[in-house]
Amino acid sequence: MAKATLRIWRGDAEKGEWKEYTTETDDGMVVLDVVHRVQAEQAPDLAVRWNCKAGKCGSCSAEVNGVPRLMCMTRLSELSLEQPITLEPLAAFPRIRDLVTDVSWNYEVKQKLKPFKPRKPDAKDGTWRMDQQDVDRVQEFRKCIECFLCQDVCHVLRDHSKHKEFIGPRFFVHTAALEMHPLDTEDRLADLKNRDGVGFCNITKCCTRVCPEGITITDNAIIPLKERVVDRFYDPLKRMFRVFAGGER
Amino acid sequence: MVWPPSVRGLLVTEGVRGEGGVLRNSEGKRFMFDDIPDNYKTQTADTPEEGWRYVTGDKNARRPPELLTRDHVARCIRREVKAGRGSPHGGVFLDIAWIKEKIPNAPEHIKRKLPSMYHQFKQLADIDITVEPMEIGPTTHYMMGGVKVDPDTQMSTVPGLFAAGECGAGLHGANRLGGNSLSDLIVFGQRAGEYAAKYAKENSSGSINNDEVDAIARWSLEPFERDAKENPFDIQHKLQDMMQDLVGIVRVEEEMKKALDGLEALKERTKKAGVSGNREYNPGWHTALDLDNLMTVSEAVTRAAIERKESRGAQFRDDYPTKDPEYGKFNIIVQKKADGSMEIVRQPLGPVREDLQQIIEENK
């Protein structure tokens with residue numbers, strides 16, 4: 001088959017440069033295969049995170065020709081080999097080395113979110129009953145593999161670095177999964193409005209576009225959360241009532 | 001998956017067969033009905049019709065032969081391929097699309113029940129499993145052997161070192177059954193953690209031998225300093241190919257002895273494995289360090305497989321194709337001799353608890 005040239009960003013937290021590697025390709029290869037071949041043949045110290053090679057672990061996130069993608073699920077056949085394929089680390093997180101970034105901020109965010117709080121079991125057998133429809137609704141959100149491509153593409157994080165004020169699409173999906181869970185009794189709306197920055201999202205749907213699991217992040221998770229926040233805090237009548245009653249803002 | 005080449009070896013879940021997927025050869029024949037082991041005959045469906053009733057939840061039906069143990073399915077596939085009845089890329093066909101003959105809305109049903117398989121084949125092989133069959137073949141299943149641990153505490157023979165999951169040995173006998181890995185992790189992972197914490201509380205930290213620490217640190221950095229550099233990835237790939245070839249699904253003594261010789265040659269090359277670059281996230285360096293362990297594990301697997309002159313579970317020996325009850329009375333332990341070489345010890349099994357033995361008898 002044809003040769004491919006990878007143009008890979010090589011460097012550490014401080015500095016780096018683009019380096020080009022040309023190698024043979026085989027039928028059906030994905031970008032990660034070519035990276036591994038370059039590693040084995042030309043650049044054994046090329047740093048890259050990967051694990052399952054099946055789009056399930058979310059480790060090999062990178063920017064392929066400028067688009068956040070899983071390298072293991074990006075087939076060469078969908079890219080042009082006429083010009084070099086550029087590979088660079090995620091832009092929304094601090095660089096460590098080559099294609100590896102420090103995504104630990106995400107785990108810190110998750111720690112802050114209120115966990116699942118189920119109501120007391122109310123079925124005769126000491127468990128619960130849920131309607132299939134309610135299960136299906138949250139099932140979509142649970143497909144998330146935490147590759148953080150949605151976080152990477154989101155301009156609120158990527159361009160405006162609002163990491164302190166905004167939790168990002170991934171954690172709106174997580175919050176939505178909990179908020180819409182038929183057994184959950186926790187209330188996360190004040191957090192969403194004040195701490196999690198749901199208002200920063202202006203629905204450009206970039207996150208939905210890059211999600212390798214096809215989760216309809218904006219329409220099914222973020223917009224319903226925004227609606228709930230608006231309904232609670234910005235309904236004029238309710239707002240007036242709250243001012244007099246001294247409730248949460 | 002056997003195609004495309006770069007995803008060869010990627011897992012196709014047993015769930016496909018559990019949902020009614022059938023195996024066919026290039027002649028379109030459902031070949032698993034041809035060879036049902038005697039001890040499974042009473043539990044296996046006689047007809048495709050009964051098999052279908054089983055996968056759709058009929059408690060009175062017996063399972064289709066596609067759901068026989070993995071080692072058996074693997075050998076049947078190998079047989080079909082060797083007889084020239086394989087698929088174009090050296091596997092056989094796994095078909096779930098056929099269930100459209102049985103149920104309405106089959107494509108939606110398949111997508112709902114097997115979402116990740118649908119996704120995986122669509123994206124990586126351009127195959128729509130709701131319409132056409134998949135090409136599949138046997139791959140490495142699971143490591144049944146591993147670190148010898150105490151069954152209750154999960155502590156190894158090195159005090160304070162605990163192991164759980166696939167790296168530990170003993171739980172799954174000669175062949176792990178589908179779904180048991182997760183239960184293993186949940187139960188014994190928790191136990192390992194619990195007893196490790198208990199051990200840490202009850203014992204003071206041991207004394208550290210600085211000479212040993214220095215020696216291992218020096219050893220770790222050697223790959224950076226070597227002049228004649230062997231490529232560590234190259235050695236790893238050679239090892240994989242050799243073990244697949246000589247200590248794979250079907251084993252014979254002669255080939256395994258060849259593998260032992262091959263391992264000695266690869267060990268010599270490992271001593272020359274060299275890398276460049278920095279010490280942060282350097283995969284070449286990590287591979288160079290892993291090689292020693294890979295050689296140890298490969299040698300232990302090979303020596304134990306030679307020692308076991310029978311076929312049992314995942315081990316199939318062409319030169320000893322049947323199960324030998326004598327080999328069911330002991331475990332094969334690989335341990336290090338004073339000179340550093342490997343020693344094989346047969347450790348007799350203790351008696352099985354009566355209530356457990358009863359369950360075994362009931363299931364025979």
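User: Is Lys162(A) buried, partly exposed or exposed?
Analyst: This is a predicted model. In it, Lys162(A) has a relative accessibility of 26%, so it counts as partly exposed. Buried would require under 20%, and exposed over 50%.

User: Which residue forms a salt bridge with Lys162(A)?
Analyst: The partner is Glu165(A), and the closest N and O atoms of the pair are 4.0 Å apart. Glu165(A) is partly exposed, because its relative accessibility is 38%.

User: Which residues does the network of salt bridges with shared partners join?
Analyst: That network is in chain B: Glu253(B), Lys257(B), Lys309(B), Arg317(B) and Asp319(B) are joined through salt bridges that share partners.

User: How many salt bridges are there over all chains?
Analyst: The count over all chains is 61.

User: What about Asp98(A), and which side chain does it meet in a salt bridge?
Analyst: Asp98(A) meets Arg10(A), with an N to O distance of 3.1 Å. The two residues are 88 residues apart, and the pair links distant parts of the chain. Asp98(A) sits in the loop between strand E6 (95-97) and strand E7 (100-101) of chain A, while Arg10(A) belongs to strand E1 (residues 3-11) of chain A.

User: Are those two buried or exposed?
Analyst: Both Asp98(A) and Arg10(A) are buried.

User: Now to Arg170(A). Which side chain does it meet in a salt bridge?
Analyst: Arg170(A) meets Glu146(A), at 2.9 Å from N to O. Arg170(A) is part of helix H6 (residues 169-179) of chain A and Glu146(A) is in the loop between helix H3 (132-139) and helix H4 (149-153) of chain A, so the pair ties together parts that are 24 residues apart in sequence.

User: Why does Arg170(A) count as buried, and what is the relative accessible area of Glu146(A)?
Analyst: Arg170(A) counts as buried because its relative accessibility is 7%; the cut-off is under 20%. Glu146(A), with a relative accessible area of 17%, is buried as well.

User: Which residues does Gln120(B) touch?
Analyst: Gln120(B), which is in helix H5 of chain B, touches Ala54(A) from the other chain, together with Met1(B), Leu10(B), Leu11(B) and Ala125(B); residues up to four places away in sequence are not counted. Gln120(B) counts as buried, because its relative accessibility is 5%.

User: And where does Glu135(B) lie?
Analyst: Glu135(B) lies in strand E3 (residues 134-136) of chain B. With a relative accessible area of 12%, Glu135(B) is buried. Its C-alpha atom is separated by 9.9 Å from that of Ala125(B), ten residues apart along the chain.

User: What joins the side chain of Glu135(B) to those of Ser87(B) and His89(B)?
Analyst: A polar contact of 2.5 Å joins Glu135(B) to Ser87(B), and another, of 2.8 Å, joins Glu135(B) to His89(B). Leaving aside residues up to four places away in sequence, Glu135(B) also touches others, including Met1(B), Val2(B), Pro88(B) and Phe93(B).

User: One last topic: which residues form the nonpolar patch on the surface?
Analyst: The patch is formed by Leu237(A), Met240(A), Val243(A) and Phe244(A), with about 490 Å² of accessible area together. Of these, Met240(A) is found in helix H10 (residues 236-245) of chain A. Met240(A) has a relative accessible area of 48%, so it is partly exposed.

Technical notes: Residues numbered from 1 in each chain as written. Chains lettered and ligands numbered in written order. Predicted model: local features only at pLDDT ≥ 70, side-chain atom pairs only at ≥ 80, totals over all residues. Heavy atoms only, no water. Patch = residues over 30% accessible without salt bridge, like charges linked within 9 Å, V, L, I, M, F, W, Y side chains within 5 Å. Areas by Shrake-Rupley, 256 points an atom, 1.4 Å probe, with all protein chains shown as cover. Helix = DSSP H or I, 4+ residues; strand = E, 2+ residues; numbered from the N terminus. Buried < 20%, exposed > 50% of the residue type's maximum accessible area, 1.4 Å probe, protein only. Contact = heavy atoms within 4.5 Å. Polar contact = N/O pair within 3.5 Å; in protein donor to acceptor, adjacent residues only side chain to side chain.
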